[in-house]
Amino acid sequence: MSDHSKTQTIVYGQDHNLQSIAVTTLAPRKDGYWVIFIHGGAWRDPAVTSTSFSAAESILRERDLPIAGFASISYRLSAHPNHPQDSNTAPKDFQNAKHPDHITDVEAALSFLQNTYGFGTRYILVGHSCGATLAFQAVMGTVSGHREQTVAIPGPSGSLPTTAPVQPTAIVSVAGIYDLRLLRDTHADISAYQEFIEGAFGADEMLWDEVSPAKVTGSRGVEGGWNSGRLVVLAYSKDDGLVDAPQIEVMEKTLRNWEKAEAQIPVQEASNCDRRVRILSITGAHDEAWENGEQLARAVTFAFEQLHEMGLAL
């Protein structure tokens, strides 16, 4: 797999230096899936970047999996109290993102990748922590009035209009945040939770509910938005000290209605329209999943095993 690899950093936006993607292309294969990662860091931590997928990618490249390429998305971040900024901070480095900036960047990056590499639905969207929130927001019917319509993609002669990103076949969600208000309430004695949620979404808690994947049901949520989706893997460690178990419990409950409905896909593309929601128990503290890469790679490998059982991957 590594003999044919090529790694580069690609810019997908012109407004900020964080609008880039770390891309590794592998040997072309018709049966291959792209694995696309969205990092965590509470929407604001400049120390958690697209490089947080590097360890897992290295492990996955050594496994016999039908992977055609890897991508790790960087996106604009919200302000962080431990990283002060002033008038000397360059505009393209300034952290002041507010919703929907984060999800807008993720959608623009996905559209850029699809426009460039043409993999369509053949990708697995992987997210850790708030990156998992963003992964599910990308397939929700609506995210607080933010709709996936036209995204401008930079090209050789300027911005090229494109349609909304094509939806992934699978989502792998590791240590995800699915209900913002519940997370804050569970940790009401720790002010940092209120602070980083407000930093990303503002003080309106009704908005928090409207962007929380576990809170939004029906046509506005994952159930009505992710029509072509086939698989969800929710990975969680009981040793996670930052994101508590109720998060995965409420997300699993919300996803069961999605799982019951058949996927809306062309008949010729699959022998069935079944869906799966699987819970995967992993080990280690919150950030250990990506720091050494083993548990993150395990979750992606598990997803490929499930897709194989479903007849969607070799």
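Which residue's backbone oxygen lies 3.3 Å from a polar atom of the H39 side chain? I looked it up, and the oxygen belongs to V48.

Some ground rules I noted. I'm working with a predicted model, where local features need pLDDT of at least 70 and side-chain atom pairs count only at pLDDT 80 or more, while totals for chains, interfaces and linings use all residues. Numbering runs from 1 along each chain as its sequence is written, and side-chain values use heavy atoms, with hydrogens and water left out.

**H39.** I found H39 in the loop between β3 (33-38) and α1 (54-61). H39 is buried at 2% relative accessibility (buried means under 20% relative accessible area, with a 1.4 Å probe and protein chains only). I listed what H39 touches (heavy atoms within 4.5 Å), skipping residues up to four places away in sequence; among them are V48, I73, Y75, H128 and C130.

**Rings.** I searched the whole structure and got 11 aromatic pairs (rings of Phe, Tyr and Trp, its six-membered ring, with centres within 6.5 Å; planes under 30 degrees apart are stacked, over 60 edge-to-face, the rest tilted). W43 and F201 are edge-to-face, because their planes sit at 85°, with centres 5.1 Å apart. W43 is in the loop between β3 and α1 and F201 in helix α5 (residues 191-201), so this pair ties together parts 158 residues apart in sequence. W43 is buried at 0%, and F201 is buried at 6%.

Next I checked Y193 and F196, a tilted pair, 5.6 Å centre to centre with 50° between the planes. Both lie in helix α5, 3 residues apart, so about one helical turn separates them.

Key. Helices (H or I, at least four residues) and strands (E, at least two) are DSSP runs, numbered from the N terminus. Buried means under 20% relative accessible area, exposed over 50%, partly exposed in between (1.4 Å probe, protein chains only). A polar contact is a pair of N or O atoms within 3.5 Å; within protein, one must be able to donate a hydrogen and the other to accept it, and residues adjacent in sequence count only if both atoms are side-chain atoms.
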